[in-house]
Amino acid sequence: MKEITRVCAAADIPPGAMRYVDVDGLPIALANVGGTIYAFGDACRHEGGPLSAGVLIGDTVTCPWHGWAYSVRTGKALIPPVGIGIPTYPVRVEGGEVYVEID
């Protein structure tokens, strides 16, 4: 069953910024890439580093702990091992509010 949850105001994530949110105990990072907000798992697949505390350049987030990088759009790893990715979640913005859909 899909759960759609309001996580913050869109104004809380300006372009180029990231933010951490918790949805029923699930750690999620939000990133604003050129006005589009993406949601993805906040834990790096390497050692669980907090991606929301990392660096966002374009649509790439880099983990602050060991430099693993992922696409915030697709969740795909951008450095070896490229087969490992992070989960991504559908986002919609309505009335200035950000909603994330969790399965």
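Mentor: Let us begin with one residue. Ser 52 is found in the loop between β4 (36-41) and β5 (55-57); helices (H or I, at least four residues) and strands (E, at least two) are DSSP runs, numbered from the N terminus. The model is predicted, so local features need pLDDT of at least 70 and side-chain atom pairs count only at pLDDT 80 or more, while totals for chains, interfaces and linings use all residues. Residues are numbered from 1 along each chain as its sequence is written, and side-chain values use heavy atoms, with hydrogens and water left out.

Trainee: Is Ser 52 buried or exposed?

Mentor: Buried means under 20% relative accessible area, exposed over 50%, and partly exposed in between (1.4 Å probe, protein chains only). Ser 52 has a relative accessible area of 17% and is therefore buried.

Trainee: Which residues is Ser 52 in contact with, leaving aside its neighbours within four places in sequence?

Mentor: Contact means heavy atoms within 4.5 Å. On that basis Ser 52 touches Met 18, Arg 19, Tyr 20, Ala 29 and Asp 42.

Trainee: How many salt bridges does a search of the whole structure find?

Mentor: Side chains of opposite charge can pair when their charged atoms come close. The criterion is a side-chain nitrogen of Lys or Arg within 4 Å of a carboxyl oxygen of Asp or Glu, and the search finds five such bridges. One of them joins Glu 101 and Lys 2 at 3.4 Å, N to O. This pair links distant parts of the chain, 99 residues apart: Glu 101 lies in strand β10 (residues 97-102) and Lys 2 in the segment before β1 (3-9). Lys 2 is exposed, because its relative accessibility is 56%.

Trainee: Which side chain meets that of Glu 97 in a salt bridge?

Mentor: The partner is Arg 6, at 2.5 Å, N to O. Here strand β10 holds Glu 97 and strand β1 holds Arg 6, 91 residues apart. Glu 97 is partly exposed at 22%, and Arg 6 is partly exposed at 44%. A further salt bridge joins Asp 12 and Arg 19 at 3.9 Å, N to O.

Trainee: In what order do the four strands of the open sheet run?

Mentor: Strands of a sheet pair through backbone hydrogen bonds, either parallel or antiparallel. Two strands pair if DSSP finds at least two bridges between them. In this sheet the order is β2-β3-β4-β8, with antiparallel pairing. β2 (18-23) and β8 (88-89) are the edge strands, each pairing on one side only. β4 and β8 pair over two bridges, and Ala 39 has Tyr 89 in β8 as its bridge partner.

Trainee: What is noted about the phi of Asp 24?

Mentor: Most residues other than glycine have a negative phi, and most peptide bonds are trans. Asp 24 has a positive phi of about 50° although it is not a glycine. Its place is in the loop between β2 and β3 (26-33), and Asp 24 is exposed at 64% relative accessibility.

Trainee: Which residues have the most contacts inside the largest nonpolar core?

Mentor: A nonpolar core is a set of buried Ala, Val, Leu, Ile, Met, Phe, Trp, Tyr and Cys residues joined through side-chain atoms within 4.5 Å. The largest has 16 residues, and those with the most contacts inside it are Phe 40, Leu 51, Val 61, Tyr 70 and Val 72. β3 gives the most to this core, with three residues. Apart from it lies another core, of 14 residues, including Ala 17, Ile 28, Leu 30 and Ile 102.
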